Amino acid sequence: MISTGFHYGKRICPANGVARPIKLSIVAPSVPAVPGSLRSTSSLVREIDLLRSIVRRVRDRHPFHIDAWVVLPEHLHCVMTLPPGDSDFSLRWRLIKSGFSRALPKTERRSKVRRAAGERGIWQRHYWEHLIRDEADYQRHVDYVHVNPLKHGHVQRVRDWPYSTFHRYVAAGIYPVDWSGDVSVDMGSDS
Ligand code: NI
């Protein structure tokens, strides 16, 4: 069972109402990193400072609220809220992915099709997304983001993964520090 009893939406994002689209996105680099392979040099965690600066830059130009975010070595999950009247999630992801790719050293191999599209072979071309339906759905997805490092076996305890908004939620008193969500929940192609 998913933990309930927390009211994330209202506490974290007061303006978050039904009129504002919120989506969970799973954004993944193109090929899972094999330990020790060259591919692992493009690990998102290794490049976390770069990723953060790109996200900030995109957000300055195209605002969005980060409700929940976790960065893993090979992919990331995010629950974001867009301003009223704006539903262009794909624009944000496109800019984050291309900005990050451009800023990395040009060593990754590219497929022909991606070369033709002017992309570098760092990201999958598509990502999974879901429009949040209601408060319960919101909580389920925020929990999903935060339990993800545990789900993928990177840590034994959720609190031990640093690249996560989980810590912000603990500081706000929403999760207990020893919180652990349900690792058996699957969404999209996140396995
Ligand atoms: Ni995941």
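Is Gly181 buried or exposed, and how many other C-beta atoms lie within 10 Å? Gly181 turns out to be buried, with 22 other C-beta atoms within 10 Å; the views below put that residue in its setting. This is a predicted model, in which local features need pLDDT of at least 70, side-chain atom pairs count only at pLDDT 80 or more, and totals for chains, interfaces and linings use all residues. Residues are numbered from 1 along each chain as its sequence is written.

**View 1. The whole chain, for orientation.** The chain has six helices and four strands. Here helices (H or I, at least four residues) and strands (E, at least two) are DSSP runs, numbered from the N terminus. Read from the N terminus on, the order of elements is α-β-α-β-β-α-α-β-α-α. Of the 191 residues, 32% count as buried. A residue is buried if 20 or more other C-beta atoms lie within 10 Å of its own, exposed if 12 or fewer, and partly exposed in between, with C-beta atoms placed from the backbone. Two residues are in contact if their C-beta atoms, placed from the backbone, lie within 7 Å. Among contacts between residues at least 6 apart in sequence, 70% join residues at least 24 apart.

**View 2. Helices H2 and H3 where they cross.** The axes of H2 (residues 48–61) and H3 (residues 89–103) come within 9 Å and cross at roughly 140 degrees. Axes are lines fitted to C-alpha atoms, for helices over the stretch in contact, and angles run from 0 to 180 degrees between N-to-C directions. H2 and H3 are therefore oblique to each other; angles under 35 degrees count as roughly parallel, over 145 as roughly antiparallel, 65 to 115 as roughly perpendicular and the rest as oblique. On the H2 side, Leu50, Leu51, Ile54, Val55, Arg57 and Val58 meet Arg92, Leu95, Ile96, Gly99, Phe100 and Ala103 of H3. Sorted by class, this contact has nine nonpolar, one polar and two charged residues. For that sorting, Ala, Val, Leu, Ile, Met, Phe, Trp, Tyr, Cys and Pro count as nonpolar, Asp, Glu, Lys and Arg as charged, and the others, Gly among them, as polar.

**View 3. A closer look at Val58.** Val58 has its place in helix H2 and is buried, with 21 other C-beta atoms within 10 Å. Leaving aside neighbours within four places in sequence, Val58 is in contact with Arg92, Leu95, Ile96 and Gly99. A nonpolar core is a set of buried Ala, Val, Leu, Ile, Met, Phe, Trp, Tyr and Cys residues joined through C-beta atoms within 7 Å. Of the 22 residues in the largest one, Ala68, Val70, Leu76, Cys78, Val79 and Val145 touch the most other members. Strand S2 (65–71), strand S3 (76–81), helix H5 (135–151) and helix H6 (166–171) each supply at least two residues, and the largest share, five residues, comes from H5. Another core lies apart from this one, with seven residues, among them Ile54, Val55, Trp93 and Phe100. Val70 touches Leu76, His77, Val145, His146, Asn148, Pro149, Tyr163 and Ser164, not counting residues up to four places away in sequence.

**View 4. Gly181 and Asp182 in the segment after H6.** Gly181 lies in the segment after H6, and its C-alpha atom is separated by 7.7 Å from that of His146, 35 residues apart along the chain. Asp182 is found in the segment after H6 too, but counts as partly exposed, with 14 C-beta neighbours inside 10 Å. The C-alpha atoms of Asp182 and Lys151 are separated by 8.1 Å.
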